[in-house]
Amino acid sequence: MSLSTPAVRPAAGPGARRSHAGLLQAWLPKLVLAPSAAISLFFVYGFMLWTFILSLTSSRMLPSYDFVGFAQYARLMANDRWWVASTNLVVFGGMFVAICLALGLVLAILLDQRIRQEGALRTIYLYPMALSFIVTGVVWKWLLNPGLGIQAMVRGWGFENFRFDWLVDPDMAVYTLVIAAVWQASGFVMALFLAGLRGIDDSILKAAQLDGASLPRIYWRVVVPCLRPVVFSAVMILSHIAIKSFDLVVALTNGGPGYASDLPATFMYAHAFTRAQIGLGSASAMLMLGGVLAILIPYLYSELRNRRHG
Amino acid sequence: MDNVIRRRTFGARLGRALLYAVLLLAALFYLLPLAVMLVTSLKPLAEITPGTLLSLPQEPTLGPWTKAWGEACTGMRCEGVGVYFFNSIAIVVPAVLISTIIGALNGYALTKWRFKGSELLFALMLFGCFIPFQVVLLPMAQTLGWLGLSSSRAGLILVHVVFGIAFTTLFFRNFYVAVPTELVSAAKLDGAGFFRIFWRILLPVSAPIIVVSVIWQFTQIWNDFLFGVAFSAHDTQPVTVALNNLVNTSTGAREYNVDMAAAMIAALPTLIVYVLAGKYFVRGLTAGSVKG
Amino acid sequence: MYTFKTSFQKTALVVATAAATSLTFASAHAAEVEVLHWWTSGGEARAANVLKELMEAEGYGWQDFAVAGGGGETAMTVLKSRAMSGNPPSAAQIKGPEIQEWGELGLLGELDEVADAEGWDELLPPTVAEVMRHDGSYVAVPVNVHRVNWLWANPEVLEAAGVEMPTTLDELFTAGEAIREAGYVPLAHGGQAWQDATVFETVLLATGGTEFYQQTMVELDEQALGSEQMIEALETFKRLRELMDDDMPGRDWNIATSMVINGDAGMQLMGDWAKGEFTAAGLTAGEDYLCAAAPGTQDAFTFNIDSLAMFRVEDGEREAQQALARLVLEPTFQEAFNLAKGSIPARPDLDMSEFDQCAQQSMQDFQRTAEEGGLVPSMAHGMAVRADVQGAIFDVVTNYFNSRDMAAEEAARRMVNAAQAAL
């Protein structure tokens, strides 16, 4: 590479290192990062602070600065719907992450067996990630609606007693959210795992095979441990999808029946925007952010530590 | 050798058959919604009855598509989603380019020009990935007002760039961290400057991660509804907002076929990108994090 | 009382002057109004188009900003975002106590000049005018009056089941049973919070009467909210669920209406916007479909008034805004809009002969209940209480309605909590 005649080469010798150009070079990285740092300081942390301040006020339709201490948090704690929403997030998030990981791993391993048309299958598994629920919401509502969708179709085939009415069952509605969310993200997880599998050195597998280990055993004992970093990134991506889930609920159940399938994100939106309770909405947003932090900090900690050691 | 293979034939065949059966079943699960959308969008309205989700159209028609593109009404405007499709493009293209460029420079500066606190800065910026967007709607509205950008296309682009750079920085940083530093150090000794090193050493190897960043941002911004509806004016609304208006416009017999066609139109760009470049997307995404 | 003729003359005069003025100034500054609304369905849009054309005929521009979805929820989000950025539209579809709330924020512009010139005080019924005013000044203009407590029915289904249009809740249950036996869904319903609340407030009105309705849904009297009467209303409300089909959660109201239209279902409890659906399907009131006051609420009228509130804008835009306010109450628009929407005009002096029998009955009942009492604001449609209280009541109602095991006593207790927490 012909990098030896740069225009900004510091003038001859180490003595002249502190020229203006040199100073500029030393500061350039920081200058480049400065706008982004300022942006995240203002638009992320500033907005969070603003939200926190609002959560201490009695703001209703638009922000006001009439402080009421932690009263909004107390109201939130006494709100039945908030607890339903939080519990739902735990159920939904837990199942969503677990199923995506399991399904993604299984599909990736199966797809790694020198399959014909692998490319086509991979694309089919992956494409839902490209679509938002604004787009697929209508069709999902259809499919899950007992009178129009899968139930009606299967009954039409002659299975008169077939039931699939989770969408209209208050106890089961939250699981329809899991189905649709798994549909959207599991293919993506599969692709992550597949790339991980492809990255594993064949010699490790060969050695294990020579030891006479059975295939499932090899996968469980040798391959899966190698995929740890992928599992980790996948969990992060999935949990942030789970916490942010909003379009999904609005499109599928709109929180119903009743508010049986509400999630914190929809709770926050409903209170801050349609119910003129910005104070309460902000308090719920702060608790959501707390949840995000609880997941993010361990991730960052291990991520940055690994980098340092690796 | 031949014998070995033949002896295992039956079990292996059964295994293979099972394998393919499972994979195809999974493919059906993933394809079902898209198939229903596509089939429905090609049916005349009369053919859409309960329980016939998947039956093929008897008299296939492109009518719903042309109607969804150019004629379907929301409010007083009967111009379909076509106009809004181009609004989306006008927002997405600059937003994707700007956020990718900024992300690349950030990732480069964070990994190859480390300074005290650069890791902390990265960690702090990363938080932007996780902030739920509903939370920022109102403060963002106020800020856009201060900047004089409310309800403008530039404002919407700004919003997408601001909340996109956390992701693009993450991608580029994780990618560049795996690029050997020796070359960069050598170039620095040679006196090459910040941008020159980026241009000559980092950029030429960045293709995979640029693909990732572009696809990710493209999908996110194209699919965005919340910012699109809150920060656009009547003439700058993106296609997702138009789709929502169309689908939620309620009177008379709902034209499910037109709704589905409009949904397909709104979905096509991201769908095409995934089909064409999905391979590179995943490859690039894992390039940094998985080492053999 | 103004007669139609004099008010028309007056309007004509104003139109003429305005036209002359606009001719002079139109080229200098093409004043525009931006109108945020969620009248997106076919009939509504056509009706709103009449207003647009009226505006354009006077030389003003109309920028249509329609946002569909969730009964205006999305539109309200957009409005808040616009207001926060200091760039509100000239006019927005806002109604009920929410007008007061926007007024308190100091964001609305007054319309007193137009109101004086047009004599709104005489033109509008006092109940309507009251909603449109903030701090003594007009800040919004009414577009229509919806009646919420209606029962719609398919006569063929009723005939097949051998029943008449029910006039009491008991008759409703008996008729429902007969309809079910005949193989139809007795009551079409969509399980969305606002629809549940619509049915609930109607049942409450039927079982408790107007006074009790006022106490509970408007004044939020805690004793009344927790009373035996409330528990009884809740129990009756829950019993209605037995007349509905299992697939109803999440269903849109107009899909439910189409079940009545197609003869899958016998009846529906819904406001008169449902008529827009019947009309769009080409049906005639009294022949192809029946309308009657919801059983047990013949002497009451739950009103839901759509209105356009005017935001504080710059002077150039203000002129167009004032014209918009004037034109909204113009007979041409009132008639065209309400024929399409199923509601009745906000001004009682119009000739109702173009309207069908349901609307005519609605107008009669409106005037009768306004005089005799019985005219009450709809809680479910944001006319009675503010959005936060309304939301809290929605939560209780819809949760109770969909829960398998919640007792009516528990629901009543939560209703009291909802009123307390919101205050």
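Author: Two residues count as in contact if their C-beta atoms, placed from the backbone, lie within 7 Å. This is a predicted model, in which local features need pLDDT of at least 70 and side-chain atom pairs count only at pLDDT 80 or more, while totals for chains, interfaces and linings use all residues. Residues are numbered from 1 along each chain as its sequence is written, and chains are lettered from A and ligands numbered from 1 in the order in which they are written.

Between chain C and chain B, 33 residues of chain C are in contact with 25 residues of chain B. Elements of chain C that each supply at least two residues of this side are α2 (42-57), β2 (61-66), α3 (73-84), α13 (253-261) and α14 (274-280). Here helices (H or I, at least four residues) and strands (E, at least two) are DSSP runs, numbered from the N terminus. By class, the side of chain C that touches chain B has 11 nonpolar, 16 polar and six charged residues. Ala, Val, Leu, Ile, Met, Phe, Trp, Tyr, Cys and Pro count as nonpolar, Asp, Glu, Lys and Arg as charged, and the others, Gly among them, as polar.

Chain B also meets chain A: 80 residues of chain A are in contact with 78 residues of chain B. On the side of chain A that touches chain B, helix α1 (residues 20-55) of chain A gives the most, with 15 residues. That side of chain A consists of 56 nonpolar, 17 polar and seven charged residues.

Chain A itself is divided into domain 1 (19-55) and domain 2 (79-309), with bounds from an automatic or database domain assignment. Their centres, taken over C-alpha atoms, are separated by 34 Å.
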